[in-house]
Amino acid sequence: MKKIFILCCLLVLAVNGFTGDYQGSEFIIVDSQTNIAYYSVGRTTVNKKSSLFNNDDICNVQINDISKKINKYIFPDNDTYKILLFFFEEKIDRKDGKKIFHSNNRYYGADSDPNWVENNNNISSESVSKNLLIKTKNPSTKEIQFWLCDKTGNNLKSIYKYTEKDFVRFYVDAKFQKIIFIKSVENGNAVTEIDY
């Protein structure tokens, strides 16, 4: 009986793995306002023991603008960065007076803000940001970097960077459309505000 149970569990895992029904870091996000789709690109390796593919790290984001038939990648290669965060503002919920965000981090409920979004109430602005925010890590240099580009992947620029040794916190101020970085320094904090 125990062998049958183990065999059934292995079969379920194998079927789910091959059909893509698993909870990994991969994502497909569609912006309902622009109809642009964003697909994670995994750094694919082959597990020599099992001969299965592993997509442990997200290394790029593919942008598919279906209406314009444009398909491109944010970064020029898949070797340099590990993507830790990808997000954008999608729309304003007029009823609740707050902005709706999309992110590759799905650890928050559908009706709540990501834990790094603050000041997301009584939003009266008529527009949402036209940019994507990406947080990366370079595995070889251990450098953490934040990037901005428009929703079609153009005008990519680095906006803030630090090393793993630095203690840096950040949050997004939804009302003022700013990313606030707080870096611990001797006897206080260094605060940097960047429009997004």
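Biologist: At 38% relative accessibility, what does Lys 142 count as?
Modeller: Buried means under 20% relative accessible area, exposed means over 50%, and partly exposed is in between (1.4 Å probe, protein chains only). Lys 142 has 38% relative accessibility, so this residue counts as partly exposed.

Biologist: Before we go on, what kind of model is this?
Modeller: Residues are numbered from 1 along each chain as its sequence is written, and side-chain values use heavy atoms, leaving out hydrogens and water. Local features need pLDDT of at least 70, side-chain atom pairs count only at pLDDT 80 or more, and totals for chains, interfaces and linings use all residues: this is a predicted model.

Biologist: Back to Lys 142, then. In which loop is it found?
Modeller: Phi of Lys 142 is positive, near 65°, in a residue other than glycine. Most residues other than glycine have a negative phi. The hairpin to which Lys 142 belongs has four residues between its strands. Strands are DSSP runs (E, at least two residues) numbered from the N terminus, and Lys 142 lies in the loop between E8 and E9.

Biologist: Over how many bridges do E8 and E9 pair?
Modeller: Two strands pair if DSSP finds at least two bridges between them. Within this pair, Ile 134 has Trp 147 as its bridge partner in E9, and Asn 138 stands opposite Glu 143. Strand E8 (residues 131–138) and E9 are antiparallel, and their bridges number eight.

Biologist: How many bridges join E9 to strand E10?
Modeller: Glu 143 stands opposite Thr 163 in E10. The hairpin of E9 and E10 has six residues between the strands, and Gly 153 there takes a positive phi near 90°. E9 and E10 (residues 157–163) run antiparallel, and the bridges that join them number six.

Biologist: How many of the eight residues of E9 are buried?
Modeller: Strand E9 covers residues 143–150. Cys 149 counts as buried at 1% relative accessibility. E9 is largely enclosed by the rest of the structure, because the number of its eight residues that are buried is seven.

Biologist: Which strands stand at the edges of the open sheet of five?
Modeller: The five strands have the order E6-E5-E8-E9-E10, with antiparallel pairing. The twist averages 20° from one strand to the next. An edge strand has a single partner, so one side of it is left without a neighbour in the sheet; that is the case for E6 (98–103) and E10.

Biologist: What is the order of the open sheet of four strands?
Modeller: Strands E11 (residues 168–173) and E12 (residues 178–185) pair in the antiparallel sense over six bridges, with Phe 170 opposite Phe 181 in E12. The sheet as a whole has mixed pairing, in the order E7-E11-E12-E13.

Biologist: How many residues does the largest nonpolar core have?
Modeller: A nonpolar core is a set of buried Ala, Val, Leu, Ile, Met, Phe, Trp, Tyr and Cys residues joined through side-chain atoms within 4.5 Å. Those with the most contacts inside this core include Leu 133, Phe 146, Tyr 160 and Phe 181. Strand E5 (82–93), E9, E10, E11 and E12 are the elements that give two or more residues to the core.

How values were computed
Axes are lines fitted to C-alpha atoms, for helices over the stretch in contact, and angles run from 0 to 180 degrees between N-to-C directions.
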